[in-house]
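Biologist: Please pick one part of this model and go through it closely. I would like the pairing and the packing around it in one connected account.

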Amino acid sequence: DPTEAATGARVSVESLGAGGARARIDADRQGFVVFSRTYMPAWKARVDEKEVRVLVANARDLAVAVPAGSHRIEIAWDPSPWYRGLVLQAAALAGLVALALASRRRSAR
C-alpha cells in the first residue's frame with residue numbers, strides 16, 4: 001500500500017488541490033508528512049486545527065511535523081503576501097507615472 005510508510009504510519013488523503021491539501025494520519029511515532037509542493041513562506045499548515053510551522057524537506061518540498069497518534073493535517077496557500085506585493089507595485093507604478101507627468105509639465109513651461 002503506497003500510503004503506508006515503513007514506520008507504520010498510514011495517511012488518508014481527504015482533499016488535494018493546487019491551493020491546499022487535507023489528510024488524516026495514524027502514526028505509531030512522531031514524524032513528518034511531506035507534501036510535493038514548492039516551499040514558499042505563504043504556505044500555512046495546521047495539525048488538529050492548530051497552526052504549526054511549515055518546514056522545508058528535500059530542499060524544496062513542504063513538510064509538517066506530526067506527533068504520534070491520529071491527526072488531521074491541512075496545508076493551505078495564503079495569497080495575502082502576493083496581494084500586498086501587487087498593491088505595492090501598483091502604488092510604485094502610480095508614483096512613477098505622477099513623477100513623469102510632473103516632469104513633463106515642468107519641461108513644457
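Modeller: Phe35 has Leu62 as its bridge partner in strand 7. The model is predicted, so local features are taken only at pLDDT of at least 70 and side-chain atom pairs only at pLDDT 80 or more, while totals for chains, interfaces and linings use all residues. Residues are numbered from 1 along each chain as its sequence is written, and side-chain values use heavy atoms, without hydrogens or water.

Strand 3 and strand 7 (residues 61-66) run antiparallel and are joined by five bridges. Strands here are DSSP runs of E with at least two residues, numbered from the N terminus; two of them pair if DSSP finds at least two bridges between them. The open sheet around this pair has three strands in the order 3-7-6, with antiparallel pairing. Strand 3 (31-35) and strand 6 (55-57) are its edges, each pairing on one side only. On average, neighbouring strands in this sheet are turned by 45° against each other, direction ignored (axes are lines fitted to C-alpha atoms, and angles between N-to-C directions run from 0 to 180 degrees).

Phe35 also belongs to the largest nonpolar core, which has 15 residues; Ile25, Phe35, Val64, Ile73 and Ile75 touch the most other members. Strands 2, 3, 4 (43-47), 7 and 8 each supply at least two of the core residues. Such a core is a set of buried Ala, Val, Leu, Ile, Met, Phe, Trp, Tyr and Cys residues joined through side-chain atoms within 4.5 Å. Buried means under 20% relative accessible area, exposed over 50%, and partly exposed in between, with a 1.4 Å probe and protein chains only.

Two of these strands, strand 2 and strand 8 (residues 69-77), pair antiparallel over eight bridges. In that pairing, Ile25 stands opposite His71 of strand 8. Ile75, beyond its neighbours within four places in sequence, is in contact (heavy atoms within 4.5 Å) with residues including Phe35, Leu62, Val64 and Trp43.

Trp43 lies in strand 4 and Trp77 in strand 8, 34 residues apart. Trp43 is buried at a relative accessible area of 7%, whereas Trp77 is partly exposed at 34%.

Key
Helix = DSSP H or I, 4+ residues; strand = E, 2+ residues; numbered from the N terminus.
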